[in-house]
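Student: I have a model open here and would like to talk it through. Can we start with the overall fold and then move to the surface?

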Amino acid sequence: DKYTESIDTFSTAVAESESALTTFKSKVQTLDKLNWKVGLGMELSEDDIEEYRTAIDEFVESAKTYVEDKQYEATVALKLILGEEGTDYTSGLNSMYADLQSQIDDLSGQLTAQLDIALEDGVITLDEQAEITNIQQQITDITNKVAQAESDAQFAAIKIRYGGAEL
């Protein structure tokens, strides 16, 4: 029936967003290790530079995928809870997530530009590293905001379910 299909769709959406979050966290760990290596101040080989660029690209792409998957999950959840009336609320939801994606795109551009500047001489200075890490952290903060919104929504749902009892 239609309700069972909706539950299955929601379950799949949740699994995909959890997988995307796991991938993102893995990319963060990879980048942390490379940032440590770069922070040693050694001259980077072409292979090191390529590995670092790839890690940053994968980090950004995994952040975008996670936010997109969470948007889909939230849309499916709204429609599951509110039925077709949920469609009325998805435009605001879509606008919020589009803004987050736009922020990630802007930061991605800044990150690429900063990386290009930093790698001109094959050595990333501490100041250049701090700039790169700062931008990476801003992207991570966006994904954390999305994850926190989910936690807040789950808590609100529990309060509604149990009649607003003090938790």
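Student: How many helices and strands are there in the protein chain?

Tutor: This is a predicted model, and its protein chain has 4 helices and 0 strands, so that, by the DSSP runs used to define them, the elements read α-α-α-α from the N terminus on.

Student: And what share of the residues counts as buried?

Tutor: Of the 167 residues in the protein chain, 34% count as buried.

Student: OK, surface next. Which residues form a nonpolar patch there?

Tutor: The patch is made up of Trp36, Leu40 and Met42, which together have about 350 Å² of accessible area.

Student: Where is Met42 found?

Tutor: Met42 lies in the loop between helix 1, which covers 2-39, and helix 2, which covers 46-82.

Student: Switching to pockets: what volume does the second largest pocket have?

Tutor: The second largest pocket has a volume of about 240 Å³, and its lining consists of Lys2, Tyr3, Ser6, Thr9, Tyr72, Val76, Lys79, Leu80, Gly83 and Glu84.

Student: Which helices supply at least two residues of that lining?

Tutor: Helix 1 and helix 2 each supply at least two residues of the lining of the second largest pocket.

Student: What is the lining like by class?

Tutor: The lining of the second largest pocket divides into 4 nonpolar, 3 polar and 3 charged residues.

Note on methods. Residues numbered from 1 in each chain as written. Predicted model: local features only at pLDDT ≥ 70, side-chain atom pairs only at ≥ 80, totals over all residues. Heavy atoms only, no water. Patch = residues over 30% accessible without salt bridge, like charges linked within 9 Å, V, L, I, M, F, W, Y side chains within 5 Å. Areas by Shrake-Rupley, 256 points an atom, 1.4 Å probe, with all protein chains shown as cover. Salt bridge = Lys/Arg side-chain N within 4 Å of Asp/Glu carboxyl O. 1 Å grid on protein atoms, 1.4 Å probe; cavity = no way out; pocket = protein on both sides within 12 Å on 5 of 7 lines; lining within 4 Å. Points joined across faces, edges and corners; volume = space filled by probe spheres on them. Nonpolar A, V, L, I, M, F, W, Y, C, P; charged D, E, K, R; others polar. Buried < 20%, exposed > 50% of the residue type's maximum accessible area, 1.4 Å probe, protein only.
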